[in-house]
Amino acid sequence: VTVEGTGILVANSGTSTQANTLTNNMIIAAGEGFDFNSCNNFNVYHNSVSGNGIACYFSGSSNLVDVRNNIFSSNQNLAFSSLNAITGLTLNYNIYNRQNTGNLVNYVVNYADLTAWKTGQPTLNVNSLQGNPNFVSSSDLHVYGQLANDVGVNISTVISEFDGETRSMAPSTTVDVGADE
């Protein structure tokens with residue numbers, strides 16, 4: 001999906017007993033890639049997001065959020081932002097990238113890079129990476145580089161990728177990060 005504003009906006013979604021899942025999207029946005037406003041019991045798996053705004057933005061109050069195996073890349077802004085701490089947050093096996101200078105993320109406070117974020121929030125992003133995912137082009141978020149290859153975690157409910165190919169691809173038994181396997 002290529003859009004002039006926000007790629008996907010999800011507001012007031014989920015309950016304590018019903019999870020919502022956003023999986024296998026390629027988003028190119030002039031604004032925010034994802035904007036999650038007050039989402040509860042929400043899963044974000046295997047997405048590739050690129051744009052000029054914040055790649056993944058949690059606005060409002062959210063809880064029970066699971067964000068794994070995504071690529072969040074911004075040309076001009078933060079790769080990830082949440083001004084509020086998210087209760088019950090699982091955030092791991094993601095790739096974060098910012099093309100220009102400035103802080104990489106904001107999770108309650110600004111962090112210049114992934115190392116600083118891991119130091120400040122040691123339970124988050126234990127297996128996440130920072131770097132250029134090497135998208136085919138600014139309009140094609142398939143990945144040709146090695147950074148995303150075989151560095152994800154298998155999620156039993158996600159068995160195929162953006163193009164319908166099986167996750168993971170033989171001979172590997174480990175999935176790639178992002179929407180493309």
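Contact here means heavy atoms within 4.5 Å. The model is predicted: local features need pLDDT of at least 70, side-chain atom pairs count only at pLDDT 80 or more, and totals for chains, interfaces and linings use all residues. Residues are numbered from 1 along each chain as its sequence is written, and side-chain values use heavy atoms, with hydrogens and water left out.

**Exercise 1.** Describe the surroundings of asparagine 70.

*Solution.*
Step 1. Locate the residue: asparagine 70 sits in the loop that joins strand 9 (63–68) to strand 10 (71–74). Strands are DSSP runs of E, at least two residues, numbered from the N terminus.
Step 2. Is asparagine 70 buried or exposed? Its relative accessible area is 0%, so asparagine 70 is buried (buried is under 20%, exposed over 50%, partly exposed in between; 1.4 Å probe, protein chains only).
Step 3. List the contacts: leaving aside neighbours within four places in sequence, asparagine 70 touches Val44, Tyr45, His46, Asn47, Tyr93, Asn94, Ile95, Val177 and Gly178.
Step 4. Look at one distance: a polar atom of the asparagine 70 side chain lies 2.9 Å from the backbone nitrogen of asparagine 47.

**Exercise 2.** Work out the strand order of the open four-stranded sheet.

*Solution.*
Step 1. The order is 3-6-9-12, with parallel pairing; two strands pair if DSSP finds at least two bridges between them.
Step 2. Strand 3 (20–23) and strand 12 (87–92) are the edges, each pairing on one side only.
Step 3. Strand 3 and strand 6 (residues 40–45) pair over four bridges in the parallel sense. Threonine 21 has asparagine 43 in strand 6 as its bridge partner.

Technical notes:
Polar contact = N/O pair within 3.5 Å; in protein donor to acceptor, adjacent residues only side chain to side chain.
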